[in-house]
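I opened my notebook to look up charged pairs and nonpolar cores. Here is the structure I worked from.

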Amino acid sequence: MKSKVLIWSLFTLLFIPHAVLANGEDETEANEQIEEQSYRLVLNEWKEQGVDSAAQFERTISPSSFTDMDEEELLSSSESKGYEDRVFYWHNQESLTVEVEVEEEGLYEIGFDYLPQGDLIMPIEGAIQVNGEYPFGESRQIEFPSKWKNETEDFETDRSGNEIIPDQETIEEWSHVKAEDSTYMYKRPLQYHLEEGTNTITLSNLRGEMLVGDVHVTSPESIPAYEDYVEDYPDAEKQEDLQTIEAEHPSEKNSSYIRPETTEDPSVNPYDREQLLLNTLGGDSWSEPGQTVSWEVEAEEAGFYQLSFKTRQDNESRSPVYRQVLINDRVPFEEAQSYPFSYSKEWRNETLSSEEGEPYSFYLEEGTNTVSLKADPSPHADVLFTIDEVMQEIDELSLSIRKLVGNQQGSRDWEIEEYIPDIEDQLNGWAHRLNEQVDYLLELNDGEESTEVSSMKIAIDKLDNLADNPDEIPNKLTQLSTGSNSSAQLLGDISMDLSAQPLLLDRFYVHGEDENLPSAEAGFFDKTKDSVSGFFQSFTEDNLATSDVDDDTIEVWVNRPRQYVELLQNMTDQNFTPETGIKVKYSLMPDEQKLVLASAADTQPDLAFGISNWVPYELAIRGSAVDLREFDDFGEVGQQFSPGAFLPLTVEDSVYALPETQDFFVQFYRKDIVEELDVPVPDTWDEVTNILPELQRYGMNYYTPLAEESAFKPFQTTSPFIYQFGGEIYEENGLGTTIDEENALEGIQYMADLSTIYSMPLQVPRFYNHFRYSTLPMGVAPFSTYVELTTAAPEISGLWDITPQPGIEQEDGTVERWAPGSGQASMMFDKSGKKDDSWELMKWWMSTDTQTEFASTLQTLYGPEYMWNTANLDSFAQLPLPQEHKDVILEQWEYMREVPKTPYSYMVEREISNVWNKVVFDGENARASVDDSVILINREMRRKLEEFDYMEDGEVVKPYEIPTIEKVERWMETDE
């Protein structure tokens, strides 16, 4: 239903510009239908209809009473892992259904007893239907959090005596959760409308696995105001004890990557000028909505206590962040649902207090209690809802304008109001709605202007300027939606910033009302002493990036962020060095281009990790890299990778690097749109063009990487078409290009036709956004898009899938899907004096076990977005991704074919891009453009081959053999 309304709305917007629908509805009414699926609108509608929250109701349905379920589908109490009753193993897109009888129509909450199972790096997600329908969009994604804790209570240290982030382990215990919005925009659990009599509730599996115990249907829980809360404990006394709890040692958290941080500041506790200590918690790792941290507090006596948190909230936006305060897993009173922590560059003791400054008292039971803080974006919910609505409407308007003007942007004058009469009203309406949210944000922040407010004002100014001159909009779409500084892009950035709730904690205090707390900031003399000590220490300290390397130690430069390098160093120290006796020192490499300079200056390391796949070639052709085929077991090692990944790492018959990571280009599609339009998921490019009219009929389209914003089209966007049509890019002997041969030319012509004949989009700033909003419900995109959709698009979780990318069907019925997979590589330098030891390290690093452990640990410590796309195929098959997605990616990698490097490949790449631009934008003939480019390419080819001694005075001295997949496969067999 949701997608059907969306499709109809897009259709009416694009093809009925005067907004008069067949049934008499106007466009505004049609667009409002899109929003009727959101929880806030549906809830308001129920309230207006007189549907109230149910009173005093509680019903528990055990797994034995689940409907349409055979007894053998339930696990016995002995298999229930402590639940002491029969349970259901919920996984693999299965569903469970319960029936509940209610005496009165009303709003109810739904809860579940559950025990997470399997790999818990990605969240467990389900969808809830009531009486066979999704009552609102938020019900399509319900999360079931896992509980985590540090594997060790005390922090271990590395080789330099610095504390390292401990491994994380899950807490295997049964939990209870009420269904909540996965974005946590609402303070309370979701409420479901149940009719009087029998209702069915279905929980469908989207991702992950867990054991399910009882299902609970209850009336919504009421939370008292603070005054009523205090009166509930008439005999409780105010206690005077002082307890200090270090924040970096929580008892549990619902996210493995909420982590302790090293804060080098004498104001924090503990602190050591000589060593790096993990002495604070959170910051950016504790910013996602819903992330919760709990600490255990021992109360000698039951009674009222105050809570004070030592925090530093120096978020760049200067806006407050919010935490929901829970005592023993319950919100004690209304005022604790969204407590603000204001901006401060200094450490401060925040005693939880009312707006008037009166400290709150929290009742703790005698013995062990838990104090929890939950990241809460709900105060920003109205702003975020408005931004999202405006962004979607901007996207729809931009689509209609692009449909109208086609490729004529900037080439003519328009009287746009003849086609879209209400365009000025739309723009002014958006500006007005956003201005209301500016006022609200200023009120939240006591009148201080945050960066979000400043950015929103800029977006509003752009909308006002466009409204003043609507006829210029077709030529100024970059200000509205497509540019990096457009209104839509500014609003998107604001939305992300307002959702984030980063907070850094040092410690917190449980205390009485007259307690004098320790100062949050160190004194002037302590800070001065620390600053002076730090200055002198900076000349001598041994750190990751600059320390000297002993003669018996392998030196490795790594082109990755610090957290990657630190994890790699720790794994090496704990595993590789004890097993082999080989010492290794990793150093950060901020600029991989300096490797060429370091090699020329004879200051190169033994190895380099994480470098772009063009770097080994540039060093190898200059004689600075080691041919890995010299090692006897190269063939055995090389079989772990896609043969096509070695092509850019090869010069003649030598291989100069191992693939480290690998990209993939697969087809993404919206399942809901495909189902609603009743179109097939295309398997070939012919099938893509066959469904384009149906997509374009509703203002939608298909995306290819050719639509990236840059005018330059690199090999990764152009080579798939040449290879899929059976073409080649180079002569076999490397002495020239073959893009003017028939098959290659056909591929070049086809990729131009996709834009000129089939009207695929020419420029898409960010496919991820268009895919979310359904304007580009299908397309070919890389690994980075997969990460974004998996971790940052909760609203369409379960509504999209992937397949291998379309290809060209051959005479035998097979489909050629050749595509590149540019990633990073690891290489060895020729001047290394420790080649055998270095080779052992390279083998260990790229082994299946090491890659799998590294990938898993990286995501556990830093979050799901830290996916590691290892080039080791066996390791990739073990990564914590949905099995069906891994199967698709591995199938696509069977067609992995990088473009080989040559001394003149940059010229070939540039000229193919130039041909596409000339044909698409200037209307030139493809064959004529290719012929012109071949002349330029061959001229540059002769110059570069002479530079590297393959030609002399225009004559061939020796051929430059182009590597092929078949040749690489033979090497793996003969070198084994």
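Is Asp 602 buried, partly exposed or exposed? I looked it up, and Asp 602 counts as partly exposed, at 47% relative accessibility. My cut-offs for relative accessible area were under 20% for buried, over 50% for exposed and in between for partly exposed (1.4 Å probe, protein chains only).

A note on what I am reading: this is a predicted model, where local features need pLDDT of at least 70, side-chain atom pairs count only at pLDDT 80 or more, and totals for chains, interfaces and linings use all residues. Residues are numbered from 1 along each chain as its sequence is written, and side-chain values use heavy atoms, with hydrogens and water left out.

**Entry: salt bridges**

I searched the whole structure and found 43 salt bridges (a side-chain nitrogen of Lys or Arg within 4 Å of a carboxyl oxygen of Asp or Glu). Side chains of opposite charge can pair when their charged atoms come close.

Asp 602 has such a partner: Lys 831, with the closest N and O atoms 3.7 Å apart. I then checked where the two sit: Asp 602 is in the loop between α12 (594-600) and β28 (607-612), Lys 831 is in the loop between β38 (824-828) and α21 (835-845), and 229 residues separate them. Helices (H or I, at least four residues) and strands (E, at least two) are DSSP runs, numbered from the N terminus. Lys 831 counts as exposed, at 55% relative accessibility.

Next I looked at Glu 109 and Lys 178, whose side chains form a salt bridge at 2.8 Å, N to O. This pair also links distant parts of the chain, with Glu 109 in strand β5 (residues 106-117) and Lys 178 in strand β10 (residues 175-178), 69 residues apart. Glu 109 is buried at 1%, whereas Lys 178 is partly exposed at 22%.

I also noted Glu 472 and Lys 476, bridged at 2.7 Å between the closest N and O atoms. Glu 472 is partly exposed at 33%, and Lys 476 is partly exposed at 31%.

Finally, I found a network of salt bridges that links Arg 40, Glu 389, Glu 393 and Arg 433.

**Entry: nonpolar cores**

Which residues touch the most other members of the largest nonpolar core? Among its 150 residues, they are Tyr 586, Phe 609, Leu 658, Phe 668, Trp 685 and Leu 841. A core here is a set of buried Ala, Val, Leu, Ile, Met, Phe, Trp, Tyr and Cys residues joined through side-chain atoms within 4.5 Å.

I also wrote down a second, separate core of 80 residues, which includes Trp 90, Leu 203, Val 217 and Leu 466.
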